[in-house]
Amino acid sequence: MEDEFDDYQECFSQEGILLKEAPPSHETYIDSIGIIIIHESKKDGEDLKKFMLEWKPNDITIDSDVQYQEWAVVNTVQKRYRTLSGTIPDPHVKFRCLKINFDIIKSFKVQNKGRQLTFYDGSSEVLCSFLFQCGNCDVLVAALKTHLRIGTSKRDRQLYVIYDSDSPEYQQLNKSFAALNIKHDHSLWDFVKNIKDNSYEGSLGAFAKVTNIVFSSLDGTRYPDEITKDDLNNSITELGDEIVHSMAPSLEDGVSSAFQLPPRKEFVRCNPLTEEQWDSQLNSSGQLEDVDDIKMSIFKGGVHPSIRKEVWKFLLDYYPWSSTHSERQALVKVKRDEYYRMKLQWKSFSKQQENNFLDYAQRKSLVEKDVARTDRTLEFYAGDNNINLQTLKDILMTYVMYNFDLGYVQGMSDLLSPILWLMLDECDAFWCFVGFMDKVMSNFEIDQAGMKEQLTNLHVLLNFVDPKLANYLVEHECGNMFFCFRWLLVWFKRELSQEDVMRFWEVLWTGYPCQNFHLLVSVAILEHERNALMEEERGFTEILKYINELSGKLDISLMICKAEGIFHQINDSDYLSDSVRPILGLPVIGTNNLDSHEQSPFESPDISSTGTQPCCSVENVRISPDEIAYEDSIGSNFL
Amino acid sequence: MASRKKILLKVIILGDSSVGKTSLMNQYVSRKFTNQYKATIGADFLTKEVTVDDRTVTLQIWDTAGQERFQSLGVAFYRGADCCVLVFDVTAPNTFKSLDSWRDEFLIQASPRDPENFPFVLLGNKVDLEPRAISAKRAQQWCQSKNNIPYFETSAKEGLNVEQAFLAIAKNALAQQNSTIDLYNEFPDQIKLTNTQKPSGSGDSCAC
């Protein structure tokens, strides 16, 4: 099977899946969380596609292309290349991943409102069983249905039978259940009687065996006996009724509610950080006394416009938070020299040099085109021969020299525009822009890896908070979250007014209450719009249009409040998995902590977990070296 | 094919940054022009009902970002396209040079059923501006080399030739959609055929 694997390609994947039962070879991975991937054979000349199910534990990082085959890195102008690489084979992966050829799966069963999926083999044994940590198995079952001939048991709609298209028996199965030849098969009859007498737990599990016995009874030479057939049908009917009636509602509801998030707390916005508050934090040498307190105030209410210009220099890492007044004066002098030196580099290019430097000329042309169409409706940038447009261009061109490999990418002028508007100083604006770019650099990289990762993470978070909506999006070809691309690329610059976007950015720059808070704001907006999004079976086109048209209509303060509530719901959740934690910069706990919750969903919350953290205390969500390592591993995976 | 059925034609506009993709779309759909359009981030579309050969069709016109690195979004947006509109700026030679790339990349990402005959339309935009860098003759030669792509010289600003160009686009898109449907009809049992053939001797169907 290992060798065959090279001839397969992924056609489906779903994250956040806990291995509940596994063959002895993989017992050590039971209760670990991972990803399920369906592989499809890609051998040419084969009429019949073959499929393989794979479960991979989470500590093996997944190449982004597994999840988003749609992404292809393309450079249409120069140096055309694509990085639609497959996964790079990791020798260790082979031993850890559970791979099951579809040939040996004969049936599978959905339990606990779609939270659990169990596969059975031809000898009625459980092959493996999975718990869905976020969302349910609907999408996976839908994927299985598209790839396999699957029938549903008439009475147990949660039991699915896979028709083996390779086998000659398949032809017979295409006929109705009534035409099955079972006359002489006493073992089947005994079996049906047997499970009828059994308890709910045993019989429901064993019910999957019916399929296999039916399979085994087919030999094509015997003919159906009407009496036996009716007996069987009646028995199955009764059995089905019993099963339906004996479905323990308490168990189902219990499991379902165990996955619910804690109640959402209401948060309100506070007043912006005032000049008095700011000044009171500065000691005699101009050092800030309590940086965390300042950041928390900014997170809760933003910055008053009267001190925004000064405060942004700290938020954007131009001024170190610990610096003294005199250190800042010295820094500005150095940075000013550095800026003008870089500016002179490109300003002093001759026309001939430019002509011989195509990469530079292309960047310059892009900058000029975009500067001419950046926020021209603002008075500051309006009109012909506007000097501020020239400054905007000079800063962006100097940034090209500062970071030539990144160069200029569309969207960057949007990020600079409010900064220059506020700073009114070319050099200060440049260094603040550098600070902003350092925070969002990965959005603009050539392979778009940062954007892919963010869109993926957004879906993971949405799935945790609102699995129904997240599933809806997947089922309607929106699982890639492309419709949020503009939100994330320029941090809602195109959706908000100038004042709102400045307020929003300064809130995000604090890094409170967690990393990637803008993704939680996105989740808040999507959740707020959930009814509209799921209305009238809206699909990719309609949802993209709807989201684009939210521009100018968002109540960002309300959304920040909601997002703060969502953060605490997630942080306080007993079922917070390691697939969600790193996205928000929360410490990874390993899967053991989670397992105990999985096994006893009715237990009281684990006090040792992060769930007991006070709602406004954010000190203990600072990044640990482990998280940085995790981030690095994600990052390197996209390289 | 049921002629009463509503017909939706999906059109994708491609071309370098700032050649006027958004302006052309807005001029055609809303008959307005402003030089205050921002660079497109992500993608957007507008729809317009139009009558082609006595049939009312809805054109769904997709506008995308022009910078090449954002084309990695392409597949999601190109899927199901009935016509691809390539745009260049007649005053900017580089935008003409990239046309091959745009065309190739579209064919790779959209992977239409019949790439040889997939309809493209070329628009040379900004003819109201001087100085001109790409002559009509040069553009037409390129079109001829690509299986006779229709060519229109337009000005989104003046509204020049925009209506005519999009009518041609709609016609080509409609013809494409009809031919795709014919192609389906030729092989109605495609899926069944593959499944009933070749019972491979897999020994996995075990008896209990």
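Chain B of this predicted model contains seven helices and six strands, where helices (H or I, at least four residues) and strands (E, at least two) are DSSP runs numbered from the N terminus. Read from the N terminus, the elements of chain B follow the order β-α-β-β-α-β-α-α-β-α-β-α-α. Residues are numbered from 1 along each chain as its sequence is written, chains are lettered from A in the order in which they are written, and side-chain values use heavy atoms, with hydrogens and water left out. Local features need pLDDT of at least 70 and side-chain atom pairs count only at pLDDT 80 or more, whereas totals for chains, interfaces and linings use all residues.

Of the 208 residues in chain B, 51% are buried, that is, under 20% relative accessible area, with exposed meaning over 50% and partly exposed in between (1.4 Å probe, protein chains only). The accessible surface of chain B is about 9800 Å², and carbon and sulfur atoms supply 48% of that area (Shrake-Rupley method, 1.4 Å probe). Taking contacts (heavy atoms within 4.5 Å) in chain B between residues at least 6 apart in sequence, 71% link residues at least 24 apart.

The six strands in the order E2-E3-E1-E4-E5-E6 of chain B form an open sheet with mixed pairing; two strands pair if DSSP finds at least two bridges between them. Strand E2 (43–52) and strand E6 (151–153) of chain B are the edges, each pairing on one side only. On average, neighbouring strands of this sheet are turned by 25 degrees against each other, direction ignored, with axes taken as lines fitted to C-alpha atoms, for helices over the stretch in contact, and angles running from 0 to 180 degrees between N-to-C directions. Within the sheet, E4 (residues 83–89) and E5 (residues 120–125) of chain B run parallel and are joined by six bridges; B:Val85 stands opposite B:Val121 in E5(B).

A closer look at strand E3 (residues 55–64) of chain B brings in B:Gln60. B:Gln60 counts as buried because its relative accessibility is 7%. Residues touched by B:Gln60 include A:Thr541, B:Leu9 and B:Phe45.

Note on methods
Lists of a residue's contacts leave out its neighbours within four places in sequence.
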